Amino acid sequence: MSLRKIVSLEDPILRRKANRVTDFSNNLQKLVDDMVETLIDAPGVGLAAPQVAVSQRLLIVRLPDDEESVKEYGKDAGVLYVLANPEIVKASKDMVEGVEACLSIPGFFGKVDRHESVVIKAQDRYGKPTRVKASGWLARVFQHEIDHLNGQLYIDIASEVWEARPDDEEDAEEHPIAE
Ligand code: ZN
């Protein structure tokens, strides 16, 4: 496994609609392993392949599993999701506002409205069909990552974006939101 470089806002790959994953062989397995390592190193909670300069419809999500996170996220904490060709097939009418950040846009936060819950149809890392039901924070992270696969960034849809100041650190720690 090796760390991959996370591309930033000015890289045009982030604005491209990513290609469907069709080849689930060794290259993809290596990409998934590298993305997991890169996400944990960052650290962040979600990463889409275009963020590591690969224009493929692939994302990974993993909420942290420290004591605080287990209290907050329950059974969602620490579970690694690897989704290829994800598609939201059901979304709640209920929208919730929350604070997001992005590993490709370091130092900024924004307020974004997301569906409170979603059902996602996808394939796992080996190409097997899978379905994920997510609500709350987990649903938010999936929506953020799926947007990446369509060339959309949270700053495009945020009602407000602001730059983190050093004294915001405490606030940032309460919301482990980098995606
Ligand atoms: Zn992001």
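## A walk through the model

Proline 43 sits in the loop between α1 and β1 (46–48). Please keep in mind that this is a predicted model. The peptide bond between alanine 42 and proline 43 is cis, with omega about -15 degrees. As background, most peptide bonds are trans, and most residues other than glycine have a negative phi.

Alanine 53 shows a phi of about 70 degrees, and its place is the loop between β1 and β2 (58–62). Asparagine 85 has a positive phi of about 50 degrees and belongs to strand β3.

| Residue | Relative accessible area | Class |
|---|---|---|
| Alanine 53 | 43% | partly exposed |
| Asparagine 85 | 6% | buried |
| Leucine 28 | 4% | buried |
| Tyrosine 81 | 16% | buried |
| Phenylalanine 142 | 0% | buried |

Leucine 28 counts as buried because its relative accessibility of 4% falls under the 20% limit. Leucine 28 is part of helix α1 (residues 26–41). Leaving aside residues up to four places away in sequence, leucine 28 is in touch with Val21, Asp23, Leu58 and Arg125. Arginine 4 is 24 residues from leucine 28 along the chain, and their C-alpha atoms are 14 Å apart.

Next comes a sheet. In which order do the strands of the open sheet of 3 strands lie? The order is β4-β5-β8, and the pairing is antiparallel. On average, neighbouring strands here are turned by 25 degrees against each other, direction ignored. Strand β5 (residues 108–115) is joined to β8 by 4 bridges, and phenylalanine 109 has tryptophan 162 in β8 as its bridge partner. Helix α3 (residues 136–149) lies across β4 and β5, at about 105 degrees to β5.

Helix α3 also takes part in an aromatic pair. The whole structure holds 2 aromatic pairs. In one of them, the ring centres of tyrosine 81 and phenylalanine 142 are 5.3 Å apart and the planes stand at 80 degrees, so this pair is edge-to-face. Because tyrosine 81 lies in strand β3 (residues 80–91) and phenylalanine 142 in helix α3, the pair ties together parts that are 61 residues apart in sequence.

Phenylalanine 142 turns up again in the core. In soluble globular proteins, nonpolar side chains tend to be buried together. The largest nonpolar core has 21 residues, and those touching the most other members are Leu59, Val61, Leu63, Leu83, Ile120, Leu138 and Phe142. Two or more residues come from each of β2, β3, β6 (117–123), β7 (129–135) and α3. Which element gives the most to this core? That is α3, with 7 residues. Leucine 83 has contacts beyond four places in sequence that include Leu59, Ile120, Val132 and Phe142. There is also a second, separate core of 17 residues, with Phe24, Leu31, Leu47 and Val54 among them.

Note on methods: Residues numbered from 1 in each chain as written. Heavy atoms only, no water. Pairing = 2+ DSSP bridges. Axes fitted to C-alpha atoms, helices over the stretch in contact; angles between N-to-C directions. Contact = heavy atoms within 4.5 Å. Phe/Tyr/Trp six-rings, centres within 6.5 Å; stacked < 30°, edge-to-face > 60°. Buried < 20%, exposed > 50% of the residue type's maximum accessible area, 1.4 Å probe, protein only. Core = buried A, V, L, I, M, F, W, Y, C linked by side-chain atoms within 4.5 Å.
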